[in-house]
Amino acid sequence: MKLKTYFGLLLVASVLCTAFWAFNSRVIQTELFINPSSVLQRYSRRMEDIWNTERQAGKSSGFRTGKSDDDDEESQTSSDIQELVQKLMNQSAINKKEQVKIVSRVKESDTIESCIPQDTIVFLKTHKTGSSTLTNVFNRYADLRELTVALPIIGYNRFRWPLHFHWTSVDMYRLGQNYANFLTNHARYSRASMDAIMELDSLYITILRNPVYQFESMFDYMEFSKLLGLHNASDPIRRFLLKPYEYLRNMTIAQRGFPETANLIRNGMFFDLGLNPRSYDNRTLIMKEIEKIDKEFFLVLIMEYFDESLVLMKRELCWDLEDIVYVKQNQRHSKKSEMLTPSLKAMIERWNGADVLLYRHFNKTFWRKIKEHGDDFYKDLKEFRIKNRQVQQDCLSPVAAKERAFKLTKEVRKLQLNPLVSNFDRYFCDKILTNEVDYLKYFRLKFNPIFGYQRQLKLERLPQLEAGQKDQSNQQPVVQFLWSSK
């Protein structure tokens, strides 16, 4: 009897574990599993959209619409798919040229009508470059304008990172049959896969930082000294860089594998942008990748000039100053007093040579873009700094606080709402102080089409709508909340 009870409990536990795994797997979270016909319709529509774009552009090349006598049906389909992927990869170049034309028209005319706000953006996050602060800016913009956001599947906060992005890592259930306007969570760059779930006119934006200080910040934040067995060393970075491969080999043995975060221990920014680690010492391939990124990305920002980057982005995207106000997110609570001597900086640059070439190239293009905007750029910059200081003063509590970083033991600065903030500004301040993890939880409630947040909002609005239809006065019958569903 006891044996039967034991096996019965074991069977129940196995079923529960299998169900839990299936719920968190990429299969059940995709709409392909729930409704395969709608997914096929999505990608058929994507193919049709690209084909229409090609025809409107007057290009002679396109998808093969007929079947030759020598080719069978299988080879025809394979050829069409290959051409679709190629066109998806090349779409960015077409989009970028179109957006440059829009911006040029803005510069030629001061009329509001000539400036079209851009609201389809992929923000490719890089680690320890101020990207968490920028993520809040993009999440807030999408949230307040009821735009769709691509989210990782349940149980994950990133899109398959450190693997390259793939559409199966997207929560298709919440995205539904729509294409996404924004993608902001950590993902490793893969243009064709990202284009597959984004709107056709999506613009790609990222941010870089001086590789010396990015590496030092990453080394400290990710606690590499512990992984490498250097937590008791007085100068762990120098000790590591003297024999990097020896320490990495010992770490792999001690950890019985290569930890995910260790992918960032060399050329972390270029790793996020998709470069194969085997190419880190191949200067020719690195320069080709830089040229590719320059072609495919609409804007590459620089952390050292964060305010300038935001104002440049605001002008390029035709946004307002209120859209880019910020407080620093995921900031280290305290910094080590380790001195970066000139010799140590040189060692860091040699170890992160690909990132150095990447940063130098886009630092030049950054200032070239600013120069194109003329003196008005610096007027906007002055106005923005005044406005942002006022927002930080109104929203952020002056009391210093700290909390643990996500899935780490490192402490970061905790953002707290100013208790003296007015009721009028409280909602907006809450949005500014919301970190990326909390925004992800919020979006999962907001975009759930059946349960929870959206359903409750609709039920709350229904009586207001019915009352508004009977109200014949001049007063607006229904209050349209920014976060309500349409």
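1. A disulfide is a pair of cysteine sulfur atoms within 2.5 Å. By that criterion, a search of the whole structure finds two disulfides. One of them joins C115 and C318, whose sulfur atoms lie 2.1 Å apart. The structure is a predicted model, in which local features need pLDDT of at least 70 and side-chain atom pairs count only at pLDDT 80 or more, while totals for chains, interfaces and linings use all residues. Residues are numbered from 1 along each chain as its sequence is written, and side-chain values use heavy atoms, with hydrogens and water left out.

2. The overall make-up of the chain comes next. Helices (H or I, at least four residues) and strands (E, at least two) are DSSP runs, numbered from the N terminus. The protein chain has 20 helices and nine strands. A residue is called buried under 20% relative accessible area, exposed over 50%, and partly exposed in between (1.4 Å probe, protein chains only). Of the 486 residues of the protein chain, 48% count as buried. Contact means heavy atoms within 4.5 Å. Among contacts between residues at least 6 apart in sequence, 72% join residues at least 24 apart.

3. Where in the chain do C115 and C318 lie? C115 is in the loop between α4 (73-108) and β1 (121-124), whereas C318 is in the loop between α14 (306-317) and α15 (342-351). The pair links distant parts of the chain, 203 residues apart. The torsion about the S-S bond of C115 and C318 is about -120°, so this disulfide is left-handed. C115 is partly exposed, with a relative accessible area of 24%, while C318 counts as buried at 9% relative accessibility.

4. The other disulfide is formed by C395 and C429, with sulfur atoms 1.9 Å apart. C395 lies in helix α17 (residues 376-395) and C429 in helix α18 (residues 423-433), so the pair ties together parts that are 34 residues apart in sequence. The torsion about the S-S bond of C395 and C429 is about -60°, so the disulfide is left-handed. Both C395 and C429 are buried. With bonded cysteines counted along the chain, the disulfides follow the pattern 1-2, 3-4.

5. Why is helix α8 (residues 211-221) described as largely enclosed by the rest of the structure? The description applies because 10 of the 11 residues of α8 are buried. Among them are P211, V212, F215, M218, F219 and Y221, and the buried residues also include Q214, E216, S217 and D220.

6. N210 caps the N-terminal end: a side-chain oxygen of N210 lies 3.0 Å from the backbone nitrogen of V212. Just after α8, E223 takes a positive phi of about 55°, although E223 is not a glycine. E223 lies in the loop between α8 and α9 (224-227), and E223 is buried, with a relative accessible area of 15%.

7. How do helices α5 (residues 131-144) and α19 (residues 436-446) pack? Their axes, which are lines fitted to C-alpha atoms over the stretch in contact, with angles running from 0 to 180 degrees between N-to-C directions, are 10 Å apart and meet at an angle of about 20°. The crossing of α5 and α19 is left-handed, which is the word used if the near helix is turned anticlockwise from the far one by less than a right angle; clockwise is right-handed. In this packing, S132, T135, N136, N139, R140 and D143 of α5 meet E436, Y439, Y442, F443 and K446 of α19.

8. Two backbone features remain. The peptide bond from W161 to P162 is cis, with omega near 15°, and P162 is placed in strand β3 (residues 159-164). E146 has a positive phi of about 55° although E146 is not a glycine. E146 is found in the loop between α5 and β2 (149-150).

9. The last point concerns a loop serine. S279 is placed in the loop between α12 (268-272) and α13 (283-296). Is S279 buried or exposed? At 11% relative accessibility, S279 counts as buried. Leaving aside its neighbours within four places in sequence, S279 is in contact with L285 and I286.

Methods
Polar contact = N/O pair within 3.5 Å; in protein donor to acceptor, adjacent residues only side chain to side chain.
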